[in-house]
Amino acid sequence: ILAAASDLARMLSDGTAAERAEAALALGRMRDQAAERRMIGMLPSTLGDPELSRALVTGLGLMPSAEAVPALVALLGAVPRDLEVVALWAIGRARTTSVREPILARWQDAEGPLRCAYAEALKHVTNVDDYETMRAAFEDEPPVECEAVEFEGRQYDPEHPLPPVTYVVGEELRLKYLKAAFNIGGPGLEEWLRDVAWA
């Protein structure tokens, strides 16, 4: 495995465009820490290459990489919407509340599919200070269905197919806020969930 990781890390810079993207995804699945730092460092210079930048961000999310979170947050609002969705997923995978404030601030103004992606991230980055906000969002959000956003990478072994990466779960938008509140587990949660179930 170490030899494979070393070869893949070299491929990040020496391979063809397709090989570089596949190397980033493979290293992410392997959770290779040496490659993690290299991938973070490469990210700004790859933003003109949509396939490679998406592969790098996806690889960092697959690790998942807490170290990459500042670089991923810097992408929000500065990259095409489809890459912003992937960055939000990778941030959520890192399970850190250190970036809750910028995520909450941008969520307030997000619309359409991007609002769904921000709500997805809120399941993982909010804390007890956001409990009431998530409850209010659940109660106030009109019924909107979020479409699933997935990435199906290249398959190498038909007998052991790789599952797709789900960047955004297909579900009602307000359900994402319910899950965020549940994950936070603030006061009165059990009674509130009972009321929701019987509403």
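**Close-up views of the core and its salt bridges**

View 1. Of the 66 residues in the largest nonpolar core, Met39, Val57, Ile103, Met134 and Tyr177 touch the most other members. Such a core is a set of buried Ala, Val, Leu, Ile, Met, Phe, Trp, Tyr and Cys residues joined through side-chain atoms within 4.5 Å; buried means under 20% relative accessible area, exposed over 50%, and partly exposed in between (1.4 Å probe, protein chains only). This is a predicted model: local features need pLDDT of at least 70, side-chain atom pairs count only at pLDDT 80 or more, and totals for chains, interfaces and linings use all residues. Residues are numbered from 1 along each chain as its sequence is written, and side-chain values use heavy atoms, with hydrogens and water left out.

**View 2. A salt bridge between Arg100 and Asp130.** Here the closest N and O atoms are 2.6 Å apart; a salt bridge is a side-chain nitrogen of Lys or Arg within 4 Å of a carboxyl oxygen of Asp or Glu. Arg100 sits in helix H7 (residues 100–109) and Asp130 in the loop between helix H8 (112–125) and helix H9 (131–140), so the pair ties together parts 30 residues apart in sequence. Helices (H or I, at least four residues) are DSSP runs, numbered from the N terminus. Both Arg100 and Asp130 are buried.

**View 3. Glu190 and Arg194 in helix H11.** Their side chains form a salt bridge at 3.8 Å, N to O. The two are four residues apart in helix H11 (residues 189–198), about one helical turn. Glu190 is exposed at 61% relative accessibility, while Arg194 is partly exposed at 43%.
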